[in-house]
Amino acid sequence: MNIQIIGIIFGIGMLYLTYIYFRRKEFNTIDALFWLIIWLGFIILLIFSNSLNLILESLSIQSAMDLFTMIGFVVMMMIVFHLYISWRRLGKKIELLVRKIAIKKAENNK
Amino acid sequence: MRKTLGRITKTKAKIFAILPARNEALTISKVIIAAKKYVYSVIVVDDGSEDDTAKVSRRAKAVVLTHIVNLGKGAALKTGCDYALRQGAKILIVLDSDGQHDPKELPQFIKALKSSDLVTGVRQFDKQMPFVKRAWNFGISKLFSFLYGTEVHDQQSGFRAFTVDTYKKIRWKSTDYLVETEMLVNLLKRGLSLKEVPIKTIYTRDHGGVSPSYGFRHLAAMLLWRL
């Protein structure tokens, strides 16, 4: 029960952060909606964790917290992969930009 | 093609020397002045230097291309070669700007290029070269020769010459020191010819060692490109 309360407090905190980022215009409406659904879903699942029993039994998972941990790990790996791809793309764009500026500047100075 | 090269080398025309440089204000002007005697133009790619590399290079009458942030040797070489290509270059010679390579040796590269697609300098692995570098270069060259079936004696040498036609075929993606390896891999994969010429080993200051992470990436890249 205690771990559920901690989880709910964490979910509410993340909801508040989502709202703050939206207010600061660091999130657009789609981003804010996406994270709102994620955190609301997280809180609802924690409150009504008994409703997960059917899924838990069919997957042979002992407790709801085990399920959350597994889902959390998978989501985290997906985010890391996404960040890695974004970082590589950004690096390539920066390289192209820096190289183009160098050549253009030299040609203009001729 | 060979006829064109012969004509070009007589007049120095369309031979461009490309010097990637980062914080080399102390040594670069000497290299530029010496290289200018043998080539049509010297291009310095200032790769995010924090010292007066660009200023000193301009004073020595080099064309300076500036990377506003540091990208690495491979990217700097690519910028220089792309620029030279746009200026109508026919032969590209790349060498280090820290004084490790002697520009007086440029003519032997130009001469050797008449009978091959890429010419690379081979340093003498004597006591002038720090022990770690000597061991690393020897090992990596042997492994490269084994993997790619062509005897290469100094796989890490940065003193190289090639025609623009070759450049278009071997244009690399590496932005860092892996460029030397990728250049050779692309060359051999496309069935182009390689010639080696002996060069002096000059170590005027500490040029650093081989970091474990670079060593690992180098080995991994060599194996991956072989697939």
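This is a predicted model: local features need pLDDT of at least 70, side-chain atom pairs count only at pLDDT 80 or more; totals for chains, interfaces and linings use all residues.
Reader: How many residues from chain B and from chain A take part in the contact?

Author: Chain B gives 16 residues and chain A gives ten residues.

Reader: Why is the pair B:Asp82 and A:Arg99 called a salt bridge?

Author: The cut-off is 4 Å, from a side-chain nitrogen of Lys or Arg to a carboxyl oxygen of Asp or Glu. For B:Asp82 and A:Arg99, N to O is 2.5 Å. That is within 4 Å, so the pair counts as a salt bridge. The count between chain B and chain A is three salt bridges. There are also four residue pairs in polar contact, both residues at pLDDT 80 or more.

Reader: Which elements of chain B give two or more residues to the side that touches chain A?

Author: Strand E3 (63-67) and helix H4 (73-86) of chain B. H4(B) provides the largest share, six residues.

Reader: How do the residues on that side of chain B divide into nonpolar, polar and charged?

Author: Seven are nonpolar, five are polar and four are charged.

Reader: Now the inside of chain B. Which members of the largest nonpolar core touch the most other members?

Author: B:Ile18, B:Leu92, B:Phe162 and B:Trp172, out of 39 residues. Helix H8 (residues 179-189) of chain B gives this core its largest share, six residues. A second, separate core has 30 residues, among them B:Ile28, B:Leu95, B:Val119 and B:Ala161. In soluble globular proteins, nonpolar side chains tend to be buried together.

Reader: What is B:Leu92 in contact with, leaving aside its neighbours within four places in sequence?

Author: Its contacts include B:Phe16, B:Ile18, B:Cys81, B:Ala84 and B:Phe162. B:Arg160 and B:Tyr167 are also among them.

Reader: Which residues of helix H2 (residues 28-36) of chain B are buried?

Author: B:Ile28, B:Val31, B:Ile32, B:Ala34 and B:Ala35. Their cover includes strand E1 (15-21), strand E2 (41-47), helix H3 (53-59) and helix H5 (106-112) of chain B.

Reader: Why is B:Thr166 called buried?

Author: Buried means under 20% relative accessible area. B:Thr166 has 2% relative accessibility, so B:Thr166 counts as buried. This residue sits in helix H7 (residues 164-170) of chain B. Leaving aside neighbours within four places in sequence, B:Thr166 is in contact with B:Asp117, B:Leu187 and B:Leu192.

Reader: What lies 3.1 Å from a polar atom of the side chain of B:Thr166?

Author: The backbone oxygen of B:Asp117. The cut-off for a polar contact is 3.5 Å, and 3.1 Å falls within it.

Reader: Why is A:Ser60 called exposed?

Author: Exposed means over 50%. A:Ser60 has 66% relative accessibility, so A:Ser60 counts as exposed. The residue lies in the loop between helix H3 (53-58) and helix H4 (64-108) of chain A. Its phi is positive, about 55 degrees, although A:Ser60 is not a glycine.

Reader: How do you know that B:Lys61 is exposed?

Author: The relative accessible area of B:Lys61 is 61%, which is over 50%, so B:Lys61 is exposed. B:Lys61 is in the loop between H3 and E3 of chain B. Phi of B:Lys61 is positive, near 70 degrees, in a residue other than glycine.

Technical notes. Residues are numbered from 1 along each chain as its sequence is written. Chains are lettered from A and ligands numbered from 1 in the order in which they are written. Side-chain values use heavy atoms; hydrogens and water are left out. A nonpolar core is a set of buried Ala, Val, Leu, Ile, Met, Phe, Trp, Tyr and Cys residues joined through side-chain atoms within 4.5 Å. Buried means under 20% relative accessible area, exposed over 50%, partly exposed in between (1.4 Å probe, protein chains only). Helices (H or I, at least four residues) and strands (E, at least two) are DSSP runs, numbered from the N terminus. Contact means heavy atoms within 4.5 Å. A polar contact is a pair of N or O atoms within 3.5 Å; within protein, one must be able to donate a hydrogen and the other to accept it, and residues adjacent in sequence count only if both atoms are side-chain atoms. Ala, Val, Leu, Ile, Met, Phe, Trp, Tyr, Cys and Pro count as nonpolar, Asp, Glu, Lys and Arg as charged, and the others, Gly among them, as polar.
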